[in-house]
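Welcome! Keep the structure open while you go through them.

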Amino acid sequence: MKKFNLTVILIFILLQSLFSNAQTKVAPLKVKENFWYKNSVIYNLEVGVFKDSNGDGRGDFNGLIQKLDYLKAIGIDAIWLAPFQPSPGQDDGYDVADFYGVDEKFGTSGDFTEFLFQARKRGIRVIMDLVLNHTSDQHPWFQKSRESKDSKYRDWYVWSKEKPKDWNKGMVFPGVQKEVWSLDEKTGEYFYHRFYKFQPDLNYSNPEVMLESQRIIGYWLNQGIAGFRLDAVPFIIEVPKSGSEKPKLDFDFLNDMRQFAQSRKSDAAILGEANVMPEENQNYFGKNGEGIQMMFNFFANQYLFYALATGDLKPFAQAIEQTKKIPEASQWAHFLRNHDEIDLGRLTDKQRNAVYAKFGPDTTMQLYERGIRRRLAPMLGNNRKHMELAYSLLFSLPGAPVLRYGEELGMGDDLSLKERLSVRTPMQWTDEKNGGFTSADTAFRPVISKGDYGYQQINVARQFRDPNSLLSWTSRIIKLRKSCPEIGLGTYSLIDSGSPDILAIRYDYDGKSLIILHNFNPQSRQASIQSENMKVLYDLIEENLDKKADGGKFSVSLDGYGYKWYRVDHIIP
């Protein structure tokens, strides 16, 4: 018996040795599952136009607190706040006059702190606009830089004794902006400003400016901010005086910023605004994901609007493929509307004119010689089916969806307002005076009150109780998106749909798969998908409409502007 036990022990030891020798590396560690931004639904809003709590005609943080339960109810994971720091307001807050404060128009620092607490209590993260490339000309730094050429703050900005040859090249707002170098009459020298004249650019070749930017980041992270939407990224990393048309860019700045932010808050995320070509993406994300974590996919967005306008899917499909290769830890942010114009600058003249003809035929609807300053609902003619197609597509694209406030209602625009303010009108809550936005006689910015998009017809109260409203539909599509982690975490491929009008995308992750179809034609179309060993497509939107493979393929009929979400062979997420 002892001999038998000894033999068993020896065999066990030998097997252990053989097994351990067969191992060549440790088991893979799942990391990207821990990144909160991979599958978050981000809601973009401006405090001043969301909800007024004190009757002064302007939104504030206490008003925003009152509406957090509404945002939680529709399924929002993160709020992206437009600038709320002290500002003269010449560029709607993007002309910051104090990076460390809260504009008194929106409340106190205490109100802001309470807002962060209440959002966190509801499981909602908050990211804020970080406008670091310039300041307001009313900022004390710039005012001191003008006092003397020997001022400590003189080199905080970019100056030239002579008027540069490219003084009128590289404007951000062509057609409105006249120059990027302007004369300061007080000191007799020219200062650099990529944006408006009242927004002088900071000089990041100055170590003191770099250090100050870190203090700003650290300050807001310590307040409880979860991350930043980094404004105008390419202009922050410009090497001063290297040319306004094709300047040199220092991408190490982004790596250093990311490392610093995470040294203060480990899961802090940076969402960059950088409208760049696909071959430039690696510079911003970093070769191994060491750069900024997220970027808006402006490149795909422009071709998306071309597809919505014309039904031609090929350029959009190509754009999705061209922006596919990014580091595993990185993520795209996809959107339909934001606070700016729809930028169509990457399209050919013919493509851009086709989008103009469909969505912005009047020149008053166009802006900066490249874009459209309208909300989505008016552009799509308030066509509910077309709107659903667009938003179903948004929530199914590879990345994190970003939803602009009011889009869940189908809000309209006010083209009588200057430039981009047309899409920054107050939120419409009820059919009461000023749409329930404020109890004041007059809002600081007009609430849309006439026509099909007036607050009497389009408001939260009316849609919240209607199961067939766009708001109710949006809540359901957000819930559906959250039940499909494959979109944010998995790999994707565009597959043959059998129709030039139908976009078919497949996601694979952790042994599970999704197939999502969108018909860009106003007429019904038939999709034909090869089964590839798939047995059943389980419909995630409508019951009893599952599809079984027939003769090695699936045939799916889609209504005009129709869409289908399927899970492959497994109904349970």
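One definition before we start: Ala, Val, Leu, Ile, Met, Phe, Trp, Tyr, Cys and Pro count as nonpolar, Asp, Glu, Lys and Arg as charged, and the others, Gly among them, as polar. Please also keep in mind that this is a predicted model.

**Exercise 1. Describe the largest pocket: its volume, its lining and the elements that supply the lining.**

Step 1. Begin with the space itself: the largest pocket has a volume of about 1,100 Å³. Its lining is made up of 45 residues, and V172, F235, N275, D343 and R370 are the closest to the centre.

Step 2. Sort the lining by class. There are 20 nonpolar, 8 polar and 17 charged residues in the lining of the largest pocket.

Step 3. Look for the elements involved. At least two residues of this lining come from each of helix 7 (233-236), helix 10 (298-310) and strand 11 (342-343). Helix 7 gives the most, with 3 residues.

**Exercise 2. How many cavities of 30 Å³ or more does a search of the whole structure find, and what lines the largest cavity?**

Step 1. The search finds 7 such cavities. The largest cavity has a volume of about 90 Å³.

Step 2. The largest cavity is lined by 13 residues, with D201, L202, F235, E238 and P240 nearest its centre.

Step 3. Of the residues lining the largest cavity, 8 are nonpolar, 2 are polar and 3 are charged.

**Exercise 3. Are the faces of strand 8 buried or exposed, and which strands pair with strand 8?**

Step 1. Recall a rule about strands. In a regular strand the side chains alternate between the two faces of the sheet.

Step 2. Apply the rule to strand 8 (residues 269-272). A269 and L271 on one side, and I270 and G272 on the other, are all buried, so both faces are covered.

Step 3. Follow the partners. Strand 7 (residues 227-230) pairs with strand 8 in the parallel sense over 4 bridges, and F228 has I270 as its bridge partner. Strand 9 (residues 294-296) also runs parallel to strand 8, joined by 2 bridges. Here G272 stands opposite M295.

**Exercise 4. Locate S151 and decide whether S151 is buried or exposed.**

Step 1. Look in the loop between helix 5 (140-147) and strand 4 (159-160), where S151 is found.

Step 2. The cut-off for buried is under 20% relative accessible area. S151 has a relative accessible area of 17%, so S151 is buried.

Step 3. Now check the surroundings. Leaving aside residues up to four places away in sequence, S151 touches K144 and S145. A polar atom of the S151 side chain lies 2.9 Å from the backbone oxygen of K144.

**Exercise 5. What do the phi values of D92 and Y561 look like, and where do these residues lie?**

Step 1. Phi of D92 is near 55°, a positive value in a residue other than glycine. For Y561, phi is likewise near 55°.

Step 2. D92 sits in the loop between strand 2 (78-81) and helix 4 (109-121). Y561 is in the loop between strand 21 and strand 22.

Step 3. Finish with accessibility. D92 counts as partly exposed because its relative accessibility is 22%, while Y561, at 12%, counts as buried.

Methods. Residues are numbered from 1 along each chain as its sequence is written. This is a predicted model: local features need pLDDT of at least 70, side-chain atom pairs count only at pLDDT 80 or more; totals for chains, interfaces and linings use all residues. Side-chain values use heavy atoms; hydrogens and water are left out. On a 1 Å grid over the protein atoms alone, a cavity is a set of points where a 1.4 Å probe fits but cannot get out, and a pocket is an open set with protein on both sides within 12 Å along at least five of seven lines; lining residues have an atom within 4 Å of a point. Grid points are joined across faces, edges and corners, and a volume is the space filled by probe spheres set on the points. Buried means under 20% relative accessible area, exposed over 50%, partly exposed in between (1.4 Å probe, protein chains only). A polar contact is a pair of N or O atoms within 3.5 Å; within protein, one must be able to donate a hydrogen and the other to accept it, and residues adjacent in sequence count only if both atoms are side-chain atoms. Contact means heavy atoms within 4.5 Å. Two strands pair if DSSP finds at least two bridges between them.
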